[in-house]
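Reader: Could you walk me through this model, strand by strand? I would like to have it open beside me while we talk.

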Amino acid sequence: MSRALVDIRILQREYLLGISRAMTAELDLGDLLRLILKSAVELVSGQAGMIALVEAGGETLRVAAVYGIPPHLVDHFAPLVRGVPYREGREGEAFPELVNQLRRVAQDADLGLSQVIRLPLSSGGEVIGLIYVFQSGNYYFVEDAPNLLRSFAEQAAIAVRNARLYQQVNQEKQRLDAILEQSADGVMILDAQLRITVFNRALSHMTGWPAAEAIGCSHDDVIRWRALKTESDLNAALAQGWPQPNAAHLYVEGEASRRRDAACPTERDSLNLGITYAPLLDANGQMTDIIANIRDLTRYREEEALQKTFISVISHELKTPVSIIKGYAGTLRRPDGRWSPAVLDESLSVIEEEADNLNGLIDNLLEASRLQAGTFSLEIGDEISLPKLAAAVARKFATQSREHVIDVDFPADFPAIIGDERRLTQVLNNLVSNAIKYSPDGGQITIVGEVHPQHVTVSVCDAGIGIAARDQHRIFQKFSRVDNALSRKTEGTGLGLYLSRAIIEAHGGRIWFRGNSEDEPGAPGTTFTFSLPRD
Ligand code: ADP
């Protein structure tokens with residue numbers, strides 16, 4: 001072999017090596033086909049080229065890329081793909097019929113192409129397409145062009161197959177991502193360290209967390225349980241060895257915090273979630289991911305609680321005054337009864353009091369239903385003197401309870417407030433009546449007013465049973481009553497604080513409480529405070 005020929009071969013080999021590296025790195029099918037064609041044409045000093053690929057799942061070939069052929073002439077070359085079938089073992093030979101067809105096509109397209117080499121792109125024994133290199137009449141292919149192209153075509157076929165697989169996997173991933181994203185249920189995927197890798201739209205909506213912020217956070221940053229309904233949460237289950245022994249799904253339900261959008265402060269700040277965690281294990285049984293399906297059960301739970309409580313309120317709270325009224329009325333009507341005016345008066349005043357109680361209860365139920373329906377509105381009247389209101393409420397309750405001492409303490413410069421007098425009285429009534437109800441051993445109750453630059457506050461302080469830490473989060477919720485020995489004995493609907501909060505917030509204020517001993521939540525004594533803007 002002449003020295004010059006050896007040099008050319010070395011150059012060709014280096015060129016092939018370079019192309020094959022570039023091909024393996026290219027995963028975009030379109031770019032890869034263009035790279036293959038350009039390299040193939042240059043390798044054998046051709047003029048133009050074309051790749052036809054077997055359609056997915058079919059027998060037919062379709063032009064997938066061209067090189068050196070103007071785009072508007074590509075259609076002319078399609079008959080070339082259909083006209084002369086692939087012949088096993090004989091590709092690379094000159095087919096007179098293929099050359100004739102090329103000449104006809106080239107004439108139609110006004111391109112001076114008259115020679116063609118066609119080779120299969122086959123990988124793993126399967127022909128995935130054909131590669132064509134064209135040459136015009138005045139030029140020659142390099143020596144041994146078919147063989148040179150053959151070794152190149154093998155590499156190219158592998159790269160095409162990989163790029164197609166990559167494309168398929170990518171498409172499949174996009175499809176799955178779209179399914180997850182569009183799912184009506186919340187879906188989240190965690191890695192083995194419980195970091196969030198996928199967070200779909202429904203979950204964003206549910207939790208108030210934008211996906212971009214949630215992704216990368218730890219599970220516990222986003223799912224913050226306030227109270228669990230199920231026995232354990234994900235962390236407790238993991239500590240007990242879940243997902244072993246049988247990789248079963250884990251269901252966790254409870255009340256969780258919801259992130260509030262600063263622009264929309266009225267949104268709820270908690271929700272009831274039901275989460276099913278499904279572990280993904282690798283071949284060694286190691287957990288690689290967790291897929292979590294999340295449902296918002298808030299409405300369902302609220303409805304359930306509402307129904308339950310409503311029935312118990314109806315059966316208990318409404319029935320009690322009705323039976324007292326009925327009892328007294330029945331006694332007074334007894335034909336043999338001879339009642340002294342004092343007995344008559346006392347009995348009638350009990351009937352009146354119980355009718356008032358019934359009325360109050362019905363009013364509260366109506367207010368609650370207005371709040372739920374969004375038709376609750378304040379009736380703002382003239383200026384109100386909160387010290388006077390507080391004194392009147394204190395007087396009223398002092399006559400009802402001998403065990404309690406009710407003090408009112410407002411500074412002299414306490415300003416007048418604009419608001420709904422009837423409803424603010426209702427709040428004070430409710431706070432003082434709670435202070436009495438929940439301090440069964442009697443004691444001091446103080447209504448204290450304070451003046452601040454922008455707002456005023458009114459606090460009702462008692463020395464009663466306090467509120468256990470576990471119940472503190474829910475006492476402002478509708479129909480929420482703390483379950484303890486005392487609440488089972490005392491009357492109540494769990495509506496008082498719910499309505500009080502709605503009334504105070506409608507005035508632009510806030511209502512909160514704290515235990516009288518801050519270090520010891522649940523210790524005796526509670527102070528409820530509400531603020532109202534001075535303006
Ligand atoms: P109700 O008194 O009708 O049950 P509320 O909405 O007024 O409903 O109060 C909700 C719950 O909060 C009560 O059931 C009670 O357990 C608790 N609570 C309210 N005020 C006090 C208080 N001053 N001391 C202790 N617990 C209280």
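Reader: How many bridges join strand S14 to S15?

Author: Happy to start there, with a word on the ground rules: this is a predicted model, in which local features need pLDDT of at least 70, side-chain atom pairs count only at pLDDT 80 or more, and totals for chains, interfaces and linings use all residues. Residues are numbered from 1 along each chain as its sequence is written, and side-chain values use heavy atoms, with hydrogens and water left out. Strands are DSSP runs of E, at least two residues long, and helices are runs of H or I, at least four, both numbered from the N terminus; two strands pair if DSSP finds at least two bridges between them. Strand S14 (residues 443-451) and S15 run antiparallel, and the number of bridges joining them is 6.

Reader: Which residue in S15 stands opposite valine 451?

Author: S14 and S15 form a hairpin, with 3 residues between them. Across this pairing, the residue of S15 opposite valine 451 is valine 456.

Reader: What is the bridge partner of cysteine 461 in S17?

Author: S15 is also joined to strand S17 (residues 526-533), antiparallel, by 7 bridges. In S17, the partner of cysteine 461 is threonine 527.

Reader: How many of the residues of strand S15 are buried?

Author: Buried means under 20% relative accessible area, exposed means over 50%, and partly exposed lies in between (1.4 Å probe, protein chains only). Strand S15 (residues 455-461) is mostly covered, and its buried residues number 5 of 7.

Reader: Which strands are at the edges of the open sheet of 4 strands, where each pairs on one side only?

Author: This sheet has antiparallel pairing and the order S2-S1-S4-S3. The strands that pair on one side only are S2 (61-67) and S3 (113-123).

Reader: What is the bridge partner of proline 120 in S4?

Author: S3 pairs with strand S4 (residues 126-136) in the antiparallel sense, over 10 bridges. Within S4, proline 120 has as its partner leucine 130.

Reader: Is valine 198 buried or exposed, or partly exposed?

Author: Valine 198 is found in strand S6 (residues 196-199). Leaving aside neighbours within four places in sequence, valine 198 is in contact (heavy atoms within 4.5 Å) with Leu180, Val187, Met188 and Ile189. Its relative accessibility is 25%, so valine 198 counts as partly exposed.
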